[in-house]
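Please work through the following exercises with the sequence and the model side by side, and try each task before reading its solution.

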Amino acid sequence: MRTILITGQGGTGRTTVAAATALNAARKGTRTLVLTADRTDTLGAVLGVPTGPDPVEAAPGLTAWRPDAAARFRDDLTAFQRRATTALDLLGASRLDAEEVTPLPGAEELALLRALRDAALSEAYGLLVVDLPPAPQALALLALPEELRRYLRRLLPPERQAARALRPVLGRLAGVPMPAEWLYETAGRWDIELAAVQGVVEDRATTVRLVAEPGPAGTDAVRTAATAFALRGLPVDALIANRVLPGATHDAWLGALAAQQRKALEEWSESYTVHEVPHRGHDPRGTDDLTALPVPGVNTAPTPVEWPVADRLADDGVLVWHIPLPGAIRDELDLIRRGDELVVTVGQFRRIVPLPSALRRCTVAGAALREGELRIRFTPDPGLWPRGK
């Protein structure tokens, strides 16, 4: 299944572009699901069909779905209280009724991730179009499965589960109760669920499309977002320049705005595959309006982001890890080696990535940012490197 993640600046018509992309694919014969996490039914307003917690057919071959974060949150909390009955009783805690539970901030995003996973596992669709929040929130959302799995491994490492049979004995010797079995079982279940979501996000057939209005603010937002998505290993296969004004106009104010847009479009075309969507003079509503929008079709052979390790031992005595970071600025870049992990920070975005196995036996010899690519040099550690290598 192909997955297209659509995000960009706030207020630039991301949901409209997502709906038009999904409708375009459905009309070409691809069974398509368009998914959103908006609390308000913006997607339904664009499609002309109300959307909600149950998937609905918005057009032939097109299904729309807006998961109910509140209902899922209530179900999860109720299930957690059932599993933690003993611990809650020991603490003297009183139960929360489902009717008094309201979703916490971020519940919509978690509901979207689960829906994304469920859609992928259902194998009912050939294409999944995801209407994500604005780029900064979208990046935090997409990073969540990887980061939560890392936290679980640190807090409840899987290897400790091998000592289950010893826990009662250890508890009596230490005089304190050991972690309950359900805690490890819950962590294992969460890890499986998060791995499924992470698998969809990191799949080689998953791509990102950025939506922005041409102009100075759009240019800055696109550069920042493209760099951050590259850091996450997600390819941007298209930049949708939305609400593009016609070039010829007798109105001086509109003419100046159109000229500003053309300048931004020329800059973008040097680095991205740009698709212009003209301003319709009104907000598109309904399938007829969406069909008229010239959004790009599905790229059947997307180019995944690669982080290759180049072997230059024979020539320079180093291994070089190439990490593409288009648009990155040297002053905003920071690297920290922590054991077998590398902490990469680019501006406000950070990712902790495991080192490839060969680089774990090396020491960092230096790094350089050239032509939108971070190149980290590693020197083999004589005490760890195999002899003869």
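Predicted model: local features only at pLDDT ≥ 70, side-chain atom pairs only at ≥ 80, totals over all residues.

Residues are numbered from 1 along each chain as its sequence is written, and side-chain values use heavy atoms, with hydrogens and water left out.

**Exercise 1.** Locate Thr 63 and determine whether Thr 63 counts as buried or exposed.

Solution. Begin with the secondary structure, in which helices (H or I, at least four residues) and strands (E, at least two) are DSSP runs numbered from the N terminus; Thr 63 belongs to strand β4, residues 62-65. Next take the relative accessibility of Thr 63, which is 4%, so Thr 63 counts as buried, given that buried means under 20% relative accessible area, exposed over 50% and partly exposed in between, with a 1.4 Å probe and protein chains only. Finally, list the contacts (heavy atoms within 4.5 Å): leaving aside residues up to four places away in sequence, Thr 63 touches Arg 31, Thr 32, Leu 33, Val 34, Pro 55, Val 56 and Tyr 125.

**Exercise 2.** Describe the strands that pair with β4, where pairing requires that DSSP finds at least two bridges between two strands.

Solution. On one hand, strand β2 (residues 32-36) runs parallel to β4 and is joined to it by four bridges, with Leu 35 standing opposite Trp 65. On the other hand, strand β3 (residues 56-59) pairs with β4 in the antiparallel sense over three bridges, and here Glu 57 stands opposite Thr 63. The hairpin of β3 and β4 has two residues between the strands, and Gly 61 takes a positive phi near 80 degrees in it.

**Exercise 3.** Identify the residues that touch the most other members of the largest nonpolar core.

Solution. A nonpolar core is a set of buried Ala, Val, Leu, Ile, Met, Phe, Trp, Tyr and Cys residues joined through side-chain atoms within 4.5 Å. The largest such core holds 57 residues, of which Leu 132, Leu 210, Phe 229, Trp 321 and Leu 325 touch the most other members. Helix α9 (residues 216-231) gives the most to this core, namely six residues. A second, separate core of 27 residues includes Ile 4, Ala 25, Ala 59 and Ile 240.

Notes:
Pairing = 2+ DSSP bridges.
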